[in-house]
Amino acid sequence: MIRLDVRSAQGAYPVLVDAGARRLLPGLLQELGLADRKVAVITDEMVQKTAFARELVDALAKVGRGVFELAFPAGDAHKNLGTAVQIYHGLLRHGFRRGDVILAVGGGVVGDLAGFVAATYMRGVPYVQVPTTLLAHDSAIGGKVGVNLEEGKNLVGAFYPPRAVLFDTEALSTLDSRQWSNGMAEVIKHAIIADIILFDQLETNPVAGLGDPAEFVDVLARAMRVKVDVVNQDERETGLRQVLNVGHTVGHAVEQYSGYSLGHGEAVAIGLVVEAMIAARRGCLPEVDAARIAAVLARHALPTRPPYPDVDAVLRLIEVDKKHTHDGWTFALPAAIGRVEICKVQPDEVRQAYEEAREGHHP
């Protein structure tokens with residue numbers, strides 16, 4: 001098992017990564033002082049049906065805890081205040097009190113929504129992240145929780161860290177090829193930010209699927225360590241943590257424009273290509289590195305060309321990104337493989353890069 005430790009102003013918490021890590025959950029709750037609490041398992045309707053979720057619930061029930069499940073329809077379109085209100089009512093129906101604990105069992109949507117509920121129900125209750133998708137290796141760490149509005153993604157939320165993150169790589173065995181590629185976009189993103197060795201490894205030997213869950217632990221932990229190291233230096237995104245948004249400023253807008261028909265990782269891949277092109281056009285990223293970024297994404301079956309011709313509509317969605325200030329648009333742009341810088345970017349730069357990427361013109 002690999003253990004990473006996240007420092008937080010609200011209390012440090014462990015990130016445990018291993019094949020079969022789900023079996024550690026009862027003991028982990030004991031270690032956290034949450035063993036005698038009522039447990040609300042918040043998940044989506046797809047994850048709820050999996051053997052992984054059933055095993056978790058059964059394991060908790062066998063050790064004498066009061067366990068109940070609250071599930072909502074899968075998909076980013078349901079990560080909203082309406083779903084959160086439904087969950088609040090469900091918690092109340094089951095007599096869930098401030099001292100009880102929420103388990104967020106699922107992908108990034110589940111983790112964000114369940115974490116938001118934990119942060120706001122009765123002004124805050126403890127929760128544990130149990131990611132079941134590769135994509136969620138990113139979102140489960142760092143305590144950023146929230147919901148979407150019609151105008152944009154994650155515009156309502158909070159910084160509210162979990163009590164622990166438990167990642168069982170065996171949960172990834174159910175992912176289809178598209179879900180796998182979506183998750184690999186965030187692994188690649190972390191390599192671009194701060195792990196040249198991981199980038200070289202993914203470039204030379206693309207990871208097309210899980211294979212042996214035990215062997216994948218090291219790759220996953222390397223990517224998660226990048227996130228942990230950044231969060232430990234800047235928990236509340238006052239500066240450095242913004243580097244984690246590389247690919248996301250354009251990516252979130254494209255994802256929203258698609259009506260969430262594009263997967264999050266697919267949208268981030270498009271965003272990484274466009275933002276690398278912006279950096280290359282500025283002369284702050286070598287063109288060879290921009291080309292390598294596009295190539296490694298393509299080798300993991302991710303899109304590298306924006307599919308939507310209406311660039312003005314995408315720019316309007318970028319306009320409401322929460323990172324922006326009155327001084328201009330704030331982007332995290334790659335400056336090299338292994339380094340990202342925070343920059344102010346003009347809309348015309350985004351327009352040019354988006355249109356060139358759409359035409360397939362990569363550096």
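Colleague: Glu356, buried or exposed?
Modeller: Glu356 is buried, with a relative accessible area of 16%. Buried means under 20% relative accessible area, exposed means over 50%, and partly exposed is in between, using a 1.4 Å probe and protein chains only.

Colleague: Where do these values come from?
Modeller: This is a predicted model, in which local features need pLDDT of at least 70, side-chain atom pairs count only at pLDDT 80 or more, and totals for chains, interfaces and linings use all residues. Residues are numbered from 1 along each chain as its sequence is written, and side-chain values use heavy atoms, with hydrogens and water left out.

Colleague: Back to Glu356. Which side chain meets Glu356 in a salt bridge?
Modeller: The partner is Arg281, at 2.8 Å from N to O. Glu356 sits in helix H14 (residues 347-358) and Arg281 in helix H11 (residues 264-282), so the pair links distant parts of the chain, 75 residues apart. Helices (H or I, at least four residues) and strands (E, at least two) are DSSP runs, numbered from the N terminus. A salt bridge is a side-chain nitrogen of Lys or Arg within 4 Å of a carboxyl oxygen of Asp or Glu.

Colleague: And Arg281, buried or partly exposed?
Modeller: Arg281 is partly exposed, with a relative accessible area of 38%.

Colleague: How many salt bridges does the structure hold?
Modeller: The structure holds 25 salt bridges. One of them joins Glu69 to Arg54, with the closest N and O atoms 2.7 Å apart. That pair also links distant parts of the chain: Glu69 is in strand S4 (residues 67-72) and Arg54 in helix H3 (residues 51-62), 15 residues apart. Glu69 counts as partly exposed at 25% relative accessibility, and Arg54 counts as partly exposed at 29%.

Colleague: What about Glu341, which residue does it form a salt bridge with?
Modeller: Glu341 pairs with Arg339, and their closest N and O atoms are 2.5 Å apart. Glu341 is partly exposed at 35% relative accessible area, and Arg339 is partly exposed at 41%.

Colleague: Which residues do salt bridges that share partners join into one network?
Modeller: Arg22, Arg23, Glu55, Asp168 and Glu170.

Colleague: New topic. How many aromatic pairs does a search of the whole structure find?
Modeller: The search finds 6 aromatic pairs. Rings of Phe, Tyr and Trp (its six-membered ring) pair if their centres lie within 6.5 Å; planes under 30 degrees apart count as stacked, over 60 as edge-to-face and the rest as tilted. One of the pairs is Phe68 with Phe96, which is edge-to-face at 6.2 Å centre to centre, with 80 degrees between the planes.

Colleague: Where are Phe68 and Phe96 in the chain?
Modeller: Phe68 is in strand S4, while Phe96 is in the loop between helix H4 (81-93) and strand S5 (101-106), and the two are 28 residues apart. Phe68 is buried at 8% relative accessible area, and Phe96 is buried at 1%.

Colleague: Why is the pair of Phe96 and Tyr121 edge-to-face?
Modeller: Their ring centres are 5.8 Å apart and their planes are at 65 degrees, so the pair is edge-to-face. Tyr121 lies in the loop between helix H5 (108-120) and strand S6 (127-131), so the pair ties together parts that are 25 residues apart in sequence. Tyr121 is buried, as is Phe96.

Colleague: Which residues form one aromatic cluster?
Modeller: Phe68, Tyr88, Phe96 and Tyr121 do.

Colleague: Now cysteines. How many disulfides does the structure hold?
Modeller: The structure holds 0 disulfides, where a disulfide is a pair of cysteine sulfur atoms within 2.5 Å. For Cys284, the nearest cysteine sulfur is that of Cys343, 5.5 Å away. Cys284 counts as partly exposed at 29% relative accessibility, whereas Cys343 counts as buried at 13%.

Colleague: Last one. How many cavities of 30 Å³ or more?
Modeller: There are 4 cavities of 30 Å³ or more. On a 1 Å grid over the protein atoms alone, a cavity is a set of points where a 1.4 Å probe fits but cannot get out, and lining residues have an atom within 4 Å of a point. Grid points are joined across faces, edges and corners, and a volume is the space filled by probe spheres set on the points. The largest cavity has a volume of about 110 Å³.

Colleague: Which residues lie nearest the centre of the largest cavity?
Modeller: Of the 13 residues lining the largest cavity, Gly152, Lys153, His252, Leu317 and Asp321 lie nearest its centre. H10 gives the most to that lining, with 4 residues.

Methods
1 Å grid on protein atoms, 1.4 Å probe; cavity = no way out; pocket = protein on both sides within 12 Å on 5 of 7 lines; lining within 4 Å.
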